[in-house]
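Open the model in your viewer and keep the selection panel at hand.

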Amino acid sequence: MAKREGRSGRGWVVGFYLPFPHPAVSLDEVSVTLGGLTILDSVSLSAPRGAVTGLIGPNGAGKTTVFNVLSGFVRPDSGSVSLGGRALRRVRPHDLTRHGVARTLQGVGLFPTLTVLQNVTLGARARHGFFADSWGSPWADREAATVRETARARLSELGIGEEADRLPGELPYPVQKRVALARSLMCDPSVILLDEPAGGISAADMADLGSLVRSWVPERTVLLVEHHMELVMEVCDFIWVLDAGRVIAHGTPDEVRRDPAVLSAYLGEPA
Ligand SMILES: Nc1ncnc2c1ncn2[C@@H]1O[C@H](COP(=O)(O)OP(=O)(O)OP(=O)(O)O)[C@@H](O)[C@H]1O
Ligand SMILES: [Mg+2]
């Protein structure tokens, strides 16, 4: 079992598992305190380009906080983040698409009063800016039409094209999860951060989700937070394990599955 915390943020730890030498995203010794509690304690991890990397751990381990750090919603007390191989002093949520990063939220995070199509178009990056959009310039109108067309295509790819004009609340939960996925694909991301995409979906939907995620690599990089172990073991090339804000293990699915520290964190057995 390769457990090498420490210099992993430079990317060489996962790079150690050739053939993915450069991480698409990484955290280097990131610590986060919220409300006086240490939520992440010197966490270093990385997701190699073109692979599916899992981030697992018991409830409250800090997985969503890692995503919040990567997407700029939480500023670390110390440590650094890099996206697309570039170390960033500060990540701002509105800059994420510029860095080629998309994120889905734990749950669905759809706007209830907007149609499915409108929700999905929100994932696109506006190119003409506020004034062109507000004054309805021909460029903005053309762009809006293209965005709607792309959104319809994304919905069809996910098998929910016929739901475009419905409101999210009219749809079963698994379909809402797909709408959220469609929205995340609108900016044609090179990195996708998925926070519990399989929460509340059936075994059949989960198998489809697994195939979908695998179909994104190696063109895209995926960092997947998920509690469903079968899915994680099936789709991930590498896995990082967090427990109580610390990295306790990482490696291939087989290595992680057998790791005593992981068994202890999940089952309460002594490590
Ligand atoms: N804004 C906040 N203020 C204080 N504590 C917080 C805040 N956000 C998260 N926490 C705490 O940080 C810890 C880690 O939370 P986080 O949501 O990252 O865990 P998680 O691994 O995603 O858990 P789950 O599997 O349940 O989604 C939890 O104990 C949570 O209560
Ligand atoms: Mg979470």
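The tour that follows goes through selections one at a time.

This is a predicted model, in which local features need pLDDT of at least 70 and side-chain atom pairs count only at pLDDT 80 or more, while totals for chains, interfaces and linings use all residues. Residues are numbered from 1 along each chain as its sequence is written, and side-chain values use heavy atoms, leaving out hydrogens and water.

Select Val120, Leu155, Leu194, Trp216, Val222, Ile239 and Val241: in the largest nonpolar core, of 44 residues, they touch the most other members. Such a core is a set of buried Ala, Val, Leu, Ile, Met, Phe, Trp, Tyr and Cys residues joined through side-chain atoms within 4.5 Å; buried means under 20% relative accessible area with a 1.4 Å probe, protein chains only. Helix 6 (residues 173–185) gives the largest share, six residues.

Pro174, Arg178, Leu181 and Leu185 of helix 6 meet Asp205, Asp208, Leu209, Leu212 and Trp216 of helix 7, contact meaning heavy atoms within 4.5 Å.

Next, select His250 in strand 10 (residues 246–251). Is His250 buried or exposed? Its relative accessibility is 1%, so His250 counts as buried. Ile239 touches both Gly54 and His250.

Conventions. Chains lettered and ligands numbered in written order. Buried < 20%, exposed > 50% of the residue type's maximum accessible area, 1.4 Å probe, protein only. Helix = DSSP H or I, 4+ residues; strand = E, 2+ residues; numbered from the N terminus. Lists of a residue's contacts leave out its neighbours within four places in sequence.
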